[in-house]
Amino acid sequence: MFNRRIFSLIQIIASIAFLITMITSGLFPVKYIIIFIIIFVVLVILFDKMMKPKKVLVAAPRHARGYKKVKKNGKRQLVGRVLTLLVSIFLFVGCFYVHTGSSTIATLTSSDNTITTRYNLYTLKSKGYNSVSDLENKTIANAGSFDSTDFNTASKALQKKISYQAKAFTSYQQMENALYNGEVDAILMNGYYETMMKKYHANFVNDVSAVWYTEMKETASSTAAAKDFSKDTFTIYLSGVDSRGGVTKTSRSDSNILVTINPKTKQILMTSIPRDYYVNFAMAQGAKDKLTHAALFGTINSMRTIEKFMGIKIDFYCRVNFEALVKIVDALDGIKVYSDKAFTPWTNHSVRIKKGWQTMDGKTALAFARERKTYTEGDRHRAANQQAVMKAIIKKMESPKILTNFSQLMSAITGLFQTDISTAQLRQLVNYQLDNNVSWTFSQSVLKGTSQKQLGGLLMPNTAIYYMTPDAKSILENATYITDMQAGKKITVSSDSSLASETDET
């Protein structure tokens with residue numbers, strides 16, 4: 001039977017291991033470390049005393065006289081040993097959780113912080129071209145006039161493989177038509193548009209083959225490396241992407257939210273920009289199209305585009321795959337969200353949204369966040385719903401419940417979340433939350449505009465689709481909210497009765 005010294009040694013080793021993990025993680029404020037040290041010392045002394053055998057008087061043998069003291073273990077000693085083992089196990093498990101959290105934060109901020117854009121060289125299968133060499137001296141469609149940044153890079157890579165005749169076009173639609181009517185032998189095109197081309201030729205995906213490709217990787221370096229998340233106001237561009245090839249693959253940004261956080265006033269402002277906002281791109285020679293399409297030219301293009309038309313400064317970006325939303329909500333055991341009406345989402349008919357407050361799992365939350373056809377305000381109401389889901393997630397993360405689901409939450413984020421925020425800054429934010437137990441005040445706003453069906457967008461200039469013409473007054477109002485917060489002011493956002501879909505639960 002182990003004596004009490006061994007049990008105490010196990011507890012001391014577990015405590016020291018947990019203390020080291022706390023310190024090296026950088027997640028815990030100094031006061032928490034000091035409190036743990038005090039508790040650790042008290043428990044070691046207390047449990048050691050409980051395990052110490054009690055001396056009792058027993059009758060001496062017959063040949064001896066009187067009584068003698070002997071050490072005897074009783075219930076108290078057994079309880080002490082059990083408690084020592086339980087606390088030690090708890091501390092070792094705690095080491096795992098803290099290490100997992102710290103490692104995940106490091107992974108989020110250091111692993112593959114790039115956006116990948118892939119250009120494919122498409123030919124019609126009926127032409128019989130099987131490799132890039134078969135297109136030597138052939139005619140290939142040139143998209144440089146409207147996709148100059150990435151296309152020129154892809155074109156130069158292709159020129160290293162073959163010599164060819166370039167023919168300029170002003171849209172991907174024109175390039176596709178030229179391929180089918182034999183005007184060109186191949187088209188060099190952003191691979192994301194492959195499925196979009198079915199709008200013009202229903203069998204495009206089956207009719208063509210990609211005989212060559214090249215990839216461009218964009219690393220978005222932060223311009224706010226010196227920001228201290230415990231005291232400085234910062235703005236994050238949150239881009240929700242529906243990317244089947246992973247969060248690093250180029251894709252449309254279907255959710256565009258600016259999150260401005262002021263640690264001093266403990267205020268969070270969420271500003272949503274409708275995906276259909278018709279704006280001039282920062283890149284692609286300033287051409288106009290939907291904001292959602294700006295991400296096809298890179299996340300930096302989306303950020304700079306927003307900065308340009310709003311006249312603000314964005315510090316960081318975060319890209320989140322829709323799959324991450326499902327996993328995060330499920331890891332939190334659901335979130336409470338308010339819906340102003342009951343409906344069956346058009347993106348998932350197996351889901352039913354009730355009117356009023358309800359607990360949503362990941363699948364339901366995603367369908368709710370993507371819904372627009374149910375609402376008169378369409379894209380704007382969808383943006384408001386996305387804010388409601390985000391607010392519910394943040395509130396759930398503030399609660400102690402997160403501790404029981406910590407491992408699942410970290411697993412949910414890994415690989416589906418990408419940011420240029422540094423490891424040190426993320427740890428600062430966690431440290432600040434733990435140190436101050438902050439209850440954040442939320443303000444929410446959605447930019448306004450007028451929706452209409454029209455021609456002329458950069459990517460589909462000859463197809464009439466819905467765009468939202470920005471409202472200049474709304475842009476100015478929302479830009480002022482953000483700049484005021486960045487200046488350290490506490491703001492009050494005007495209510496929008498047309499989007500009265502979420503209030504605090506009483």
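Strand 8 (residues 234-241) and strand 9 (residues 253-262) run antiparallel and are joined by eight bridges. Strands here are DSSP runs of E with at least two residues, helices are runs of H or I with at least four, and both are numbered from the N terminus. Two strands count as paired if DSSP finds at least two bridges between them. Within this pairing, Ser239 stands opposite Asn256 of strand 9.

The model is predicted, so local features need pLDDT of at least 70 and side-chain atom pairs count only at pLDDT 80 or more, while totals for chains, interfaces and linings use all residues. Residues are numbered from 1 along each chain as its sequence is written, and side-chain values use heavy atoms, with hydrogens and water left out.

Axes are lines fitted to C-alpha atoms, for helices over the stretch in contact, and angles run from 0 to 180 degrees between N-to-C directions.

Next comes a helix pair. The axes of helix 10 (residues 362-370) and helix 11 (residues 379-398) come within 7 Å and cross at roughly 150°. The two helices are therefore roughly antiparallel, a term for angles over 145 degrees. Helix 10 contributes Ala365, Phe368, Ala369 and Arg370 to the contact; helix 11 contributes Arg382, Asn385, Gln386 and Val389. Contact means heavy atoms within 4.5 Å.

The largest nonpolar core has 68 residues, of which Leu121, Ile306 and Met310 touch the most other members. Such a core is a set of buried Ala, Val, Leu, Ile, Met, Phe, Trp, Tyr and Cys residues joined through side-chain atoms within 4.5 Å. Buried means under 20% relative accessible area, with a 1.4 Å probe and protein chains only. Leaving aside residues up to four places away in sequence, Ile306 touches Tyr237, Leu258, Ile273, Leu291, Gly311, Ile312 and Ile314. Another core, of 44 residues, lies apart and includes Ala331, Ile335, Leu366 and Ala367.

Finally, Ser155 lies in helix 4 (residues 148-159). Ser155 counts as buried because its relative accessibility is 7%.

Key: Angles under 35 degrees count as roughly parallel, over 145 as roughly antiparallel, 65 to 115 as roughly perpendicular and the rest as oblique. Buried means under 20% relative accessible area, exposed over 50%, partly exposed in between (1.4 Å probe, protein chains only).
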